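Student: Before I use any labels for this protein, I would like to see the criteria behind them. Please set each value against its definition.

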Amino acid sequence: MLLCVLLVAAAALTVGYFKLNGRLDHVNLDQYLGGDRPSQNSSLSEVRSPGDPYAGRAMNILVLGSDSRAGANAGVSNDVNDGERSDTTFIAHVAADRTRVDLLSIPRDTLITIPACVFPDGSKIPQAGWTKQKFNSAFAYGSTGKGTLASGVACTIRAVEAMSGVRIDGYVVVDFAGFVQIVDAIGGVDLYLPCAVKSAEANNLSLPAGVNHLDGETATNYARARKGVGLGDGSDLGRIQRQQVLFESIAHKALGLNFFTNIGTLYGFVGSVADAVTTDLGSVVQLAGFAYSLRDMNGAAMTFATIPYKDAGDGANVLLDLAKDKPFWNALAKDTPLADAVNPPAASPSVTPSGGVPTTPAPTPTDAAPTEPPPVVVTGPSGTMTLPPGVLSAPAGQCH
């Protein structure tokens with residue numbers, strides 16, 4: 001039965017392939033990145049999935065949320081900020097065996113040295129080598145003046161690879177309007193808010209405490225809201241925490257939808273994603289094959305984290321915490337679970353054999369698939385309640 005469904009789905013997508021593929025903005029960055037880059041992830045797996053162009057290898061994908069107000073984005077944002085920055089940036093690590101996805105956020109206010117990025121004509125950006133620059137300025141410097149979105153993304157990739165030593169294998173850029181489309185394509189998401197949220201700067205966002213259903217536009221305004229009621233101290237670091245919960249909710253919802261049982265829904269979803277993103281990961285069919293390789297994964301196989309940082313001492317920015325960052329970068333570079341960097345496993349007690357040399361018992365292997373997390377229990381104005389399945393809670397500590 002499953003094979004029949006897949007064959008019908010493939011036929012439907014083949015008929016509309018050229019139309020769908022024409023809606024995907026595919027931009028290759030090779031001319032901007034050069035050859036002086038970290039080596040590719042050496043982790044390989046014999047796990048294979050039909051249609052996955054990256055089968056058997058781990059992938060580190062840079063995901064950028066652009067804050068451009070141009071074109072359709074003006075209908076989502078009511079402010080008049082000029083320019084384009086990468087206000088949301090994380091690395092999505094897809095394990096070689098497709099059993100987990102780890103997502104590591106990089107704060108936009110991390111101070112870095114701008115790498116030697118180039119414009120489309122091959123000339124270097126004027127800001128190359130500048131120190132103590134915000135991380136998201138790499139995108140802005142690379143995309144303004146003679147730059148394009150492609151040169152801005154490439155400059156961000158060069159910045160990430162310089163700070164981490166991790167090879168970036170591909171990228172996805174989503175702007176405000178694109179995020180609206182993606183959330184609407186899955187029917188919106190439900191999110192529990194421990195307190196009311198209001199933000200005039202985020203298109204007059206106003207949400208009551210309790211479970212809220214967020215459509216695409218509301219979810220987008222919540223994702224970009226920084227200052228207001230129920231949003232903590234108004235920092236980008238607090239916003240990252242809220243965004244991670246929202247993104248996890250979206251991932252849970254998407255993983256729970258079986259698009260292959262409804263060809264119309266499948267076609268509409270693929271089309272919405274094609275309209276919403278700019279990427280170098282391949283054609284619509286290749287993207288679909290890559291996504292299909294994750295079909296058996298559940299929400300418990302995702303880990304969200306932020307790279308460790310420390311205060312820069314200026315009251316506004318942060319620095320990478322070099323003493324704590326290495327395990328996080330290593331997890332992405334070596335295809336080991338990010339969860340082990342976030343919560344290092346306790347050391348096993350050593351055993352001293354008769355020879356007197358302490359050894360550590362080998363861990364017991366397990367093939368058990370990760371289970372879904374237990375129901376979320378929250379305490380609100382009306383007392384303690386268990387949230388409906390799939391509904392996550394925004395950070396309670398930001399209710400002031």
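Tutor: Start with burial: buried means under 20% relative accessible area, exposed over 50%, and partly exposed in between, with a 1.4 Å probe and protein chains only. This is a predicted model, in which local features need pLDDT of at least 70 and side-chain atom pairs count only at pLDDT 80 or more, while totals for chains, interfaces and linings use all residues. Side-chain values use heavy atoms, without hydrogens and water, and residues are numbered from 1 along each chain as its sequence is written.

Student: Why does cysteine 195 count as buried?

Tutor: Cysteine 195 has 16% relative accessibility, so it counts as buried, the limit being under 20%. Cysteine 399, with a relative accessible area of 33%, is partly exposed.

Student: How many disulfides does the structure hold, and what handedness has the one between cysteine 117 and cysteine 155?

Tutor: The structure holds two disulfides. The sulfur atoms of cysteine 117 and cysteine 155 are 2.1 Å apart. The torsion about the S-S bond of cysteine 117 and cysteine 155 is about 80 degrees, so that disulfide is right-handed. Both cysteine 117 and cysteine 155 are buried.

Student: Why is the pair of tyrosine 54 and phenylalanine 290 called edge-to-face?

Tutor: Rings of Phe, Tyr and Trp (its six-membered ring) pair if their centres lie within 6.5 Å; planes under 30 degrees apart count as stacked, over 60 as edge-to-face and the rest as tilted. Tyrosine 54 and phenylalanine 290 are 5.3 Å apart centre to centre, with 75 degrees between the planes, so the label follows. Tyrosine 54 lies in the loop between α3 (30–33) and β2 (59–66) and phenylalanine 290 in helix α10 (residues 284–292), so the pair ties together parts 236 residues apart in sequence. Tyrosine 54, at 13% relative accessibility, counts as buried, and so does phenylalanine 290 at 8%.

Student: What makes arginine 295 sit over the ring of tyrosine 292?

Tutor: The rule asks for NZ of Lys or CZ of Arg within 6 Å of the ring centre and within 35 degrees of the ring normal. The charged end of arginine 295 sits over the ring of tyrosine 292, 4.2 Å from its centre. Arginine 224 does likewise over phenylalanine 176, at 5.3 Å.

Student: Which residues touch the most other members of the largest nonpolar core?

Tutor: A nonpolar core is a set of buried Ala, Val, Leu, Ile, Met, Phe, Trp, Tyr and Cys residues joined through side-chain atoms within 4.5 Å. Of its 50 residues, Ile61, Phe179, Tyr222, Leu246 and Ile250 touch the most other members. Helix α8 (residues 236–256) gives the most to this core, with five residues.

Student: What is the mean pLDDT of the protein?

Tutor: The mean pLDDT, the predictor's confidence in each residue from 0 to 100, is 83, and 80% of the residues reach 70 or more.

Conventions
Helix = DSSP H or I, 4+ residues; strand = E, 2+ residues; numbered from the N terminus. Disulfide = S-S within 2.5 Å.
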